[in-house]
Amino acid sequence: MVNFVDLHCHALFRVDDGARDEEMMKKMLDIAYADGTRYLCFTPHFKIYEFDSEDGMLAHKDRLNRRFKVACEY
């Protein structure tokens with residue numbers, strides 16, 4: 001079987017136009033794995049103009065990191 005690398009993935013849940021929730025993210029990861037994908041590069045949208053303060057941006061970064069950790073543990 002050929003292994004694939006996905007360099008553009010919106011599977012992180014509740015981040016942008018990707019997975020709606022953790023369950024959907026896991027299904028997306030399962031499908032990718034079944035199709036031969038062994039490496040993913042999560043590429044959530046990051047639009048700095050959507051934040052009204054540095055604190056808001058840092059809170060968003062923390063949310064991304066927590067969801068990334070969930071994905072990695074899965």
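Before the first click, one cut-off: a residue is called buried under 20% relative accessible area, exposed over 50%, and partly exposed in between. Keep in mind that this is a predicted model.

Start by selecting F68, which sits in helix α2 (residues 54–73). Its relative accessibility is 38%, so F68 counts as partly exposed. Leaving aside residues up to four places away in sequence, F68 touches L12 and F42.

Select all of α1, residues 22–34: its 13 residues reach 18 Å from first C-alpha to last, close to the 18 Å expected at 1.5 Å a residue.

Colour M25, L29 and A32, which are buried in α1. Look down the helix axis: the buried residues of α1 fall within an arc of 60°, so they line one face. Turn to the face pointing away from that buried side and you'll find the exposed residues E23, I31 and A34. What covers the buried residues?

Follow the chain past α1 to G36, whose phi is positive, near 105°. Last stop: T37, in strand β2 (residues 37–42). Buried or exposed? T37 has a relative accessible area of 14%, so it is buried. Beyond residues up to four places away in sequence, T37 touches F4, D6 and A32.

Notes. Residues are numbered from 1 along each chain as its sequence is written. This is a predicted model: local features need pLDDT of at least 70, side-chain atom pairs count only at pLDDT 80 or more; totals for chains, interfaces and linings use all residues. Side-chain values use heavy atoms; hydrogens and water are left out. Helices (H or I, at least four residues) and strands (E, at least two) are DSSP runs, numbered from the N terminus. Buried means under 20% relative accessible area, exposed over 50%, partly exposed in between (1.4 Å probe, protein chains only). Contact means heavy atoms within 4.5 Å. The expected span of a helix is 1.5 Å times one less than its number of residues. The arc is that of the directions from the helix axis to the C-beta atoms.
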